[in-house]
Amino acid sequence: MKIIRLFIDQYKIFTDFIFTLYKMREVLVQLTKRDFISKYVASYIGIYWAFLQPFISIFVMWFVFTFGFKPGKIESSVPFIAWLVCGMIPWFFLNEAINSATRSLIDYSYLITKINFRSSIIPIIKMLTALVLHIMFIPLIMIFAVCYGFYPSIHWLQIPYYIFAALILIMGITWFTSAVTVFLRDMEQMVSVGMQLVFWATPIFWNHTMLTGKLSYIAYLNPFFYIINGYRDTFIYHKWFFEHPALTIYFWTVALFFFVFGALIFSRLKPHFADVL
């Protein structure tokens, strides 16, 4: 009976948490707009920095791998640079969203300590700010795909699915990391270092087919691989997400675990935020 009662209590906490997010959806949109603008307003060229920095990174990689180091084709019919861009742009989104949302409660501490504000939406503000920029870079993937012979396909319609999948994963992770960061400031550095390690462990610069046997699980067990590979399936290989049923089931199991776990941890720690901040 105790186990059942505990499950019911946790379920109530979780559903209340999600319902609160729904009620504050308009506030969330307004704060996301303000966060996106204020992030670049102090600089000379303003909001254009949001596009310039990732664009320069992609341009440098394109120049290096086209005129300098020439790896040729990742496969017999796939130019490396097109394959790379399809992996780098979603990674920019994942990395920026997780790192910025991790310290979001610190950045918005004045909202938590001074007014009765629903702190649960604060990490989502940073996540949606990163999403706005990411959506604006998706046309760049399309341009690269077309330039290298991968023409528009009906498979392009599944990009919203992969964006939604990424949001659920990011939301769960950052609810946990942002809540812990309030009490353990080292969490921010731990997440930053961890994302660097995950970058090299995720098949972005290298093809997961290079791994054989049990080593292949290094890629398949990485939930970020599902997103990166999904973008390549969409723009290069023209495959649907349901053509990988086992990988899809595994990803959603992991993503929903993080989502529920992160929401519950955030709910448990939330009453103590104002005392620490």
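Is S100 buried or exposed? I looked up its accessibility in this predicted model. S100 has 14% relative accessibility, so it counts as buried (under 20% relative accessible area; exposed is over 50%, partly exposed in between; 1.4 Å probe, protein chains only).

**Ground rules.** I number residues from 1 along each chain as its sequence is written, and side-chain values use heavy atoms, without hydrogens and water. Because the model is predicted, local features need pLDDT of at least 70 and side-chain atom pairs count only at pLDDT 80 or more, while totals for chains, interfaces and linings use all residues.

**S100.** I placed S100 in helix α4 (helices are DSSP runs of H or I, at least four residues, numbered from the N terminus). I then checked its side chain, which reaches the backbone oxygen of A97 at 3.4 Å.

**Largest pocket.** I found about 580 Å³ of space in the largest pocket (a pocket is an open set of points on a 1 Å grid over the protein atoms alone, where a 1.4 Å probe fits, with protein on both sides within 12 Å along at least five of seven lines; lining residues have an atom within 4 Å of a point). Of its 24 lining residues, Q53, P54, F92, N95 and E96 are the closest to the centre. Helices α3 (49–68), α4 (80–102) and α7 (122–147) each supply at least two lining residues. The largest share, eight residues, comes from α4.

**H238.** I looked at the loop between α11 (223–237) and α12 (245–269), where H238 lies. Phi of H238 is near 55°, a positive value in a residue other than glycine. At 27% relative accessibility, H238 counts as partly exposed.

Notes: Points joined across faces, edges and corners; volume = space filled by probe spheres on them. Polar contact = N/O pair within 3.5 Å; in protein donor to acceptor, adjacent residues only side chain to side chain.
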